[in-house]
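This briefing concerns the structure displayed here. Selected aspects of its packing are treated below, grouped by topic.

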Amino acid sequence: MASPGPSADGSAARNPLTLLTLDELRQRTSVKWRMFAPDVLPLWVAEMDVPLAPPVADALRRAVDLGDTGYSYGTAYAEAIGDFAARRWGWRDFRVAHTSVVPDVMMGAVEVLRLVTDPGDAVVVCSPVYPPFYAFVTHADRRVVEAPLGPDRRMDPAALDEAFRRARAHGSRPAFLLCNPHNPTGVVHRRDELETVAALADRHGVRVVSDEIHAPLVLPGAHFTPYLTVAGAENAFALVSASKAWNLAGLKAALAVAGPQAVADLRRMPEEVSHGPSHLGVIAHTVAFREGGPWLDLLLDGLDANRALLATLLAKHLPAVPYHRPEGTYLAWLDCTGLGVDTEQPADDAGVVSDVAGPAKMFLDHARVALSSGHVFGTGGAGFVRLNFATSPAILTEAVTRMGDAVR
């Protein structure tokens, strides 16, 4: 269904999304390709259907050949992110000394929240949002307060103001777990929006922790603003990683970055947290940020083309599903409420609600396409699905065609 892999004639300088066949992808043993039956096209979890960027693959081979599989050391990872951030985002006051390597973005976010909140304190999230924001916060003995996105899918200042007020009323040290860019909507927050967040957080005494895992994946027409470059964000934190942009989720490594007034908090990070990242992960992520720019540019071109292709496919096969083009990520948040599918989330005998319900279950059962079910993203998610378009145009076309056939 896709073009053959890279060859010695220079074909590696092509869209990475077209370099693997469906048969090759089905040989993968990761959750995306093993969760469902072989006849299912998986467009759900945030894994991309791409080979590794050549510099990353070369670095990993070198490490294995050398037996370089010990403990990670040094600041090369932070330095690589700092250089990348300066080039791509204009973040020129990035401080390597204000960082700490953590196992991954969500584990890092939870550990930072442990530093700045107490058990029972409230953590605000903008729903609908990445489901682990709920699970990880709750498992850390904090409570979630929702600030629903507005009808335009962007942050609603009034809702944030009210959520911050409620969070403050339920604990002395509230926090806001920001998703920047936002998953699942693909919104890339503007600087003025982030300045409003900073002002509201200061007014209510709320600490901001910004998940910026999708930051390198901002598509043409939008610009990423690191939260820590915004006035008023001096006591905030950001979490950064190469895992989404270079498809390295299985190679654990991320970076927690503290604003200048949050460095003392970061220094209280328990030592055991630094034992979680993989040395091979640190190597891979470092090379991705340092040498993976040309590959990333090819990927972004491919994602931009798929974003446009998805619009065409939905208009043809699912005209009742509105499409708001994502500004970043490789995720499309699709409103399927017009399809007339039951959005109730069935529970088993123990009262556990299924992760696949509503339109996602219908498309899985009748189209053999796996999507992420909207209800797990919190308030505002029921009746929606999240579609991962980081795949080949051929697979994307087949999947949406099947989805259209399922509702006819």
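Which residues in α3 meet which residues in α10? Pro55, Val56, Ala59, Leu60 and Ala63 of α3 meet Leu280, Ile283, Ala284, Val287, Ala288 and Glu291 of α10, where contact means heavy atoms within 4.5 Å. The model is predicted: local features need pLDDT of at least 70, side-chain atom pairs count only at pLDDT 80 or more, and totals for chains, interfaces and linings use all residues. Residues are numbered from 1 along each chain as its sequence is written, and side-chain values use heavy atoms, with hydrogens and water left out. Helices (H or I, at least four residues) and strands (E, at least two) are DSSP runs, numbered from the N terminus.

**Helix α3 against helix α10**

- The axes of α3 (54–66) and α10 (residues 279–291) come within 9 Å and cross at roughly 145°; axes are lines fitted to C-alpha atoms, for helices over the stretch in contact, and angles run from 0 to 180 degrees between N-to-C directions.
- The crossing of α3 with α10 is right-handed (a crossing is left-handed if the near helix is turned anticlockwise from the far one by less than a right angle, and right-handed if clockwise).
- By class, this contact of α3 with α10 comprises 10 nonpolar, no polar and one charged residues. Ala, Val, Leu, Ile, Met, Phe, Trp, Tyr, Cys and Pro count as nonpolar, Asp, Glu, Lys and Arg as charged, and the others, Gly among them, as polar.
- An α-helix has 3.6 residues a turn, so residues three or four places apart point the same way.

**Aromatic pairs**

- There are 12 aromatic pairs, counted when rings of Phe, Tyr and Trp (its six-membered ring) have centres within 6.5 Å; planes under 30 degrees apart count as stacked, over 60 as edge-to-face and the rest as tilted.
- Phe84 and Trp246 are edge-to-face, because their ring centres are 5.8 Å apart and their planes stand at 70°.
- This pair links distant parts of the chain: Phe84 belongs to helix α4 (residues 76–89), and Trp246 to the loop between β7 (237–240) and β8 (254–258), 162 residues apart.
- Phe84 is buried at a relative accessible area of 1%, and Trp246 is buried at 1% relative accessibility; buried means under 20% relative accessible area, exposed over 50%, and partly exposed in between (1.4 Å probe, protein chains only).
- Trp89 and Phe224 also form an edge-to-face pair, at 4.8 Å centre to centre and 65° between the planes.
- Trp89 lies in helix α4 and Phe224 in the loop between β6 (207–211) and β7, so this pair ties together parts 135 residues apart in sequence.
- Both Trp89 and Phe224 are buried.
- Ring pairs join Tyr77, Phe84, Trp89, Phe224, Trp246 and Phe289 into a cluster.

**Strand β7 and its partners**

- Phe237 and Leu239 point one way from β7, Ala238 and Val240 point the other way, and all are buried.
- β6 and β7 run parallel and are joined by three bridges; two strands pair if DSSP finds at least two bridges between them.
- Ser210 has Ala238 in β7 as its bridge partner.
- β7 and β8 run antiparallel, with four bridges between them, and Leu239 stands opposite Ala256 in β8.

**The sheet β9-β12-β11**

- Three strands form an open sheet in the order β9-β12-β11, with antiparallel pairing.
- β9 (331–335) and β11 (372–373) stand at the edges with a single partner strand each, so one side of each has no neighbour in the sheet.
- Five bridges pair β9 with β12 (residues 384–388) in the antiparallel sense, and Ala332 has Leu387 in β12 as its bridge partner.

**Helix α6**

- The buried residues of α6 (residues 132–139) are Pro132, Phe133, Tyr134 and Val137.
- Their cover includes α5 (105–116), β3 (122–125), β4 (143–146), β5 (175–179) and β6.
- Just after α6, Asp141 takes a positive phi of about 65°.

**Individual residues**

- Ser72 lies in the loop between α3 and α4 and is partly exposed, with a relative accessible area of 35%.
- Not counting residues up to four places away in sequence, Ser72 touches His279 and Val282.
- Glu111, in helix α5, is buried, with a relative accessible area of 14%.
- With residues up to four places away in sequence not counted, Glu111 touches Met269, Pro270 and Val273.
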